[in-house]
Amino acid sequence: MDNLLEIKDLNVRFNLFGAKVQAVRGVSLHLKKGETLAIVGESGSGKSVTSKAIMGLIPNPPGEITSGEILFEGHDLVHYSNKQMQKIRGKEISMIFQDPMTALNPTMKVGKQIMEGLIKHQKMSRQDAKKRAIELLRLVGIPKPEVRVNEYPHQFSGGMRQRVVIAIALACNPKILIADEPTTALDVTIQAQILDLMRELQKKTGTAIILITHDLGVVANLAQRVGVMYGGKLVETGTLEEIFYRPKHPYTWGLLSSMPKLHAKTDKLLAIPGSPPDLSDPPKGCPFAPRCPYAMKVCTEQMPEYTYLSDTQRTACWLLDKRAPKVEPPETIGVGGE
Amino acid sequence: MVRYILKRVGYMLVTFYVVITLTFLSMKLLPGTPFKTANRLTPQQLNQLRHYYGLDQPIPVQYVHYLWNFIHGDLGGSFQYGMQPVTQFLLQRFPVSLELGVEAMIAGTILGILLGIVAGIYRARFLDWGTMTFSVIGISIPSFIFAGILQYAFAVNVQLFPVAGWSGPMSHVLPATSLAIGVLALVARFMRTEMVEVLNQDYIVTAQAKGLTTSAVVFRHAIRNALIPIITVIGPLTAAVVTGSLVVENIFAIPGIGSQFVDSIVTNDYPMIMGTTEVYAGMFIITIFIVDILYGVIDPRIRVSGGQTS
Amino acid sequence: MMMPNTEITKDMFAPADIDHSVSEKIGRRSVSVWKDALRRFVQNKGALISMILLTIIIVAALVSPHFSKYGIDDQDLNRVNLPPKITALSWIPLFSGKEGGVDVYKQNGIKQDFWFGTDSLGRDLWTRTWSGTQISLFIALIAALVDLFIGVVYGGISGYFGTTVDNILQRIVEVIMGIPNLVWIILLILVMKPGLFAITVAILATNWVTMSRIVRGEMMKLKNQEFVLASRTLGASNGRIIFRHLIPNSLGMIIVNTMFSVPNAIFFEAFLSFIGLGIRQPQASLGSLINTGYQQLQIHPYQTLYPGLIISLLLICFNIMGDGLRDAFDPKLRR
């Protein structure tokens with residue numbers, strides 16, 4: 001198998017004040033070398049928790065991985081000790097966070113924050129690490145890197161800080177880069193710059209990217225494959241083309257419909273009515289059933305199994321059962337900007 | 001930065017000027033003459049004294065005199081010690097108080113920081129709970145109670161340390177400890193809050209995501225950021241230690257300005273009271289000034305923005 | 001297709017009647033801020049115990065002096081330095097009336113019990129200790145009132161009106177804050193005659209400053225928030241905005257801060273009385289009782305024990321209650 005990363009039936013639970021929140025319920029995913037996998041879903045769907053689980057950064061307590069495997073190059077990271085994980089983090093798998101304003105240590109020079117990983121993982125000397133830090137800053141498009149390497153985070157703008165965060169993440173040439181909403185906190189124009197940068201860097205370094213986002217525009221821009229999460233479950237996954245043009249899950253339809261379009265016939269934004277399920281008491285059927293316009297009795301009773309629509313696309317929905325009535329996806333799901 | 005410092009120096013001088021003016025005014029407002037207690041003086045002697053101190057002159061003139069003398073380090077004569085200069089007493093006794101205060105501050109702050117860090121890391125566990133319980137007790141109970149308990153337990157009951165006095169390191173232990181407990185409690189509590197706050201920050205996750213060891217994350221990233229705000233409590237701490245030292249010196253009969261101050265209150269030695277008050281005020285104002293500057297130097301965010309505005 | 005599950009029958013694939021408004025419903029019952037705070041406060045055992053202890057101390061302070069037939073200044077040299085004795089509890093060494101194995105009561109031929117003993121002038125320490133507690137509680141009351149009336153009003157005006165008014169008021173506060181409390185209080189007390197009145201004035205003069213700063217900050221923050229702007233747009237008067245929006249929203253903060261400034265004031269009174277600037281003889285304050293007790297500490301430690309115990313309990317309880325209230329109003333701060 002050429003899978004760099006394979007997640008098998010991952011379950012994550014948070015034990016909060018008596019309530020047990022099942023944040024991730026039986027998610028299976030895989031990631032190939034050099035590809036970009038997007039995980040989309042609204043807030044609370046479990047996408048960020050999944051990414052934190054890969055990094056081994058789920059705070060315990062209150063969080064714990066109750067079952068499942070996270071195979072990185074064949075090794076199960078779930079059973080790695082903290083010490084072993086420290087050798088993976090930053091070196092093999094690294095992460096970019098949502099808010100660049102808070103992701104950097106305010107009292108440490110930017111250069112030093114980049115150098116830390118280099119000194120730890122590549123056993124570089126301070127001078128070499130500094131040289132490499134300057135190089136990295138140049139790589140992520142920060143002007144005058146030899147000056148800025150000695151500056152503090154607050155001297156950088158939001159977009160520039162995100163570039164620094166990316167430089168930190170890429171410092172040791174990781175095999176996987178997890179980007180958790182990397183552009184959400186940024187201005188639209190800066191967003192485009194950061195996405196361009198990520199695409200360019202991926203071309204140069206061949207790093208595989210797991211992109212966590214709720215923004216389908218970003219997905220269309222960057223990803224080759226997409227996983228759609230809802231209520232802690234992976235409800236549909238497929239290639240970018242499959243998800244955007246032949247989606248089968250009503251939630252994916254809803255997501256696509258709710259994307260604002262340039263040449264839309266109506267000026268109304270379509271929203272999915274309702275709110276995500278309470279994961280401290282997960283529904284026994286499909287989590288989307290209460291909000292699904294096509295819901296059937298069976299949906300509230302039992303979680304559907306995956307239907308394999310192609311080598312790459314699988315969907316968990318009762319509508320794909322032979323016994324279910326035929327349902328056509330709504331017309332509103334056309335891809336943005338057509 | 002330079003302009004900022006100059007501005008702070010200006011503020012400091014103004015505040016201090018207000019203090020000495022206020023002490024002057026309260027001297028004038030005191031019931032009767034300052035020599036009221038010296039009843040045995042003949043009217044002639046009284047007049048001599050009044051003339052000697054310029055008390056027969058109009059108040060504005062006296063005020064100028066007072067300021068002039070103050071600038072020259074003359075704080076008047078002590079009533080209880082036959083008009084010997086107050087300045088001399090203060091100079092003699094101040095180092096003792098300073099020593100006691102500094103010992104208590106250093107011991108309390110260092111232990112407090114350590115306890116706070118530990119409590120912050122092991123939040124919501126027994127260690128945290130214990131530290132915080134101790135801290136509430138330490139903050140609540142006045143130092144004169146601690147002084148009494150320590151004196152009774154370790155000097156009267158079990159004779160480990162001298163009951164009173166200020167000679168040799170053994171005599172420092174009890175008074176410095178009774179002052180340090182409050183400092184320790186306050187610092188521990190503050191440090192814990194800061195640690196918890198900092199450990200919840202995103203940049204801690206960034207540091208972990210780099211693959212740093214837990215100790216590197218705590219020491220390099222968390223503690224440094226948590227330590228910076230500690231500087232802000234130095235001001236209130238100084239005030240607390242000064243207040244505490246008044247009573248602790250008295251209880252342990254330590255020859256510092258604190259016990260002197262209490263003596264002069266009992267004997268209505270006004271010049272001594274005023275002089276000591278001015279020393280305390282001066283110390284407090286200088287501490288606040290140093291804290292302000294220090295904060296600017298240590299926190300890069302303030303350091304640079306201060307530089308840009310000047 | 002892939003589910004050989006017998007439970008799933010054809011008719012289950014009929015469209016379900018799902019009330020979509022259900023998913024819009026908020027799962028939990030909505031709770032008002034106050035109820036929520038009360039619930040959290042009651043859950044906090046330490047705070048609850050502190051509140052009960054405080055209530056006991058307050059009731060005791062008000063009632064206890066009436067249980068003793070001796071007044072606060074009834075001296076009698078026949079009964080000096082008697083250790084505490086409660087006949088019913090005399091099996092407890094602390095209340096046996098014995099000192100160094102000698103029954104001092106028998107020795108002096110004293111029939112009555114002195115529950116907290118007597119001092120070197122033969123005065124009943126039970127009466128004196130509880131009268132001293134009354135003084136501490138009076139100071140607590142004054143401090144709270146000063147905070148609420150002067151501090152809140154001053155800070156409120158400064159923060160709500162802003163600009164010039166704020167500028168002038170804040171310069172005054174800066175001068176007051178620049179000088180340590182101790183210095184202010186000592187100067188004030190020296191100018192007046194030491195005593196309860198002087199201490200009250202000193203608290204009046206200094207205690208409100210912290211509160212005013214906090215209220216000012218809250219006002220500045222709140223007055224530009226949308227709901228206040230909305231109210232203003234709808235033509236609400238200044239008074240309505242202040243009393244309907246700003247004060248209720250900063251009330252939690254005000255209560256919490258009051259709870260912290262009260263023990264501070266109690267401490268200051270005790271401290272001043274201890275160094276001889278506070279309550280004067282023959283009146284008693286916990287501070288002055290402790291000071292008198294210290295002169296006998298080596299021979300008659302019980303004379304310090306009760307005043308010291310009560311003031312410590314008072315301060316600890318107020319502080320724990322303050323912590324509890326803070327956590328109750330702002331759970332974010334708990335962690």
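**Close-up views of a predicted model**

**View 1. The interface of chain C and chain B.** In this predicted model, 44 residues of chain B are in contact with 36 residues of chain C. Between them, chain C and chain B bury about 3400 Å². Carbon and sulfur atoms carry 77% of this buried area.

**View 2. Salt bridge and polar contacts between chain C and chain B.** One salt bridge is found across the interface of chain C and chain B. Asp323(C) and Arg189(B) form a salt bridge through their side chains, with an N to O distance of 2.5 Å. Four residue pairs across the interface of chain C and chain B are in polar contact, both residues of each pair being at pLDDT 80 or more.

**View 3. The side of chain C that touches chain B.** The elements of chain C that give two or more residues to this side are helix H6 (163-178), helix H7 (181-191), helix H11 (238-274), helix H12 (286-295) and helix H13 (302-329). H13(C) supplies the largest share, nine residues. Sorted by class, the side of chain C that touches chain B has 26 nonpolar residues, six polar residues and four charged residues.

**View 4. Cysteines of chain A.** Cys286(A) is in no disulfide, and the nearest cysteine sulfur, that of Cys299(A), lies 6.1 Å away. A disulfide would need the two sulfur atoms within 2.5 Å. Cys286(A) counts as buried because its relative accessibility is 9%, under the 20% cut-off. Cys172(A) is also buried, with a relative accessible area of 5%.

Notes:
Residues numbered from 1 in each chain as written. Chains lettered and ligands numbered in written order. Predicted model: local features only at pLDDT ≥ 70, side-chain atom pairs only at ≥ 80, totals over all residues. Heavy atoms only, no water. Contact = heavy atoms within 4.5 Å. Buried area = accessible area lost by both parts, 1.4 Å probe. Salt bridge = Lys/Arg side-chain N within 4 Å of Asp/Glu carboxyl O. Polar contact = N/O pair within 3.5 Å; in protein donor to acceptor, adjacent residues only side chain to side chain. Helix = DSSP H or I, 4+ residues; strand = E, 2+ residues; numbered from the N terminus. Nonpolar A, V, L, I, M, F, W, Y, C, P; charged D, E, K, R; others polar. Buried < 20%, exposed > 50% of the residue type's maximum accessible area, 1.4 Å probe, protein only.
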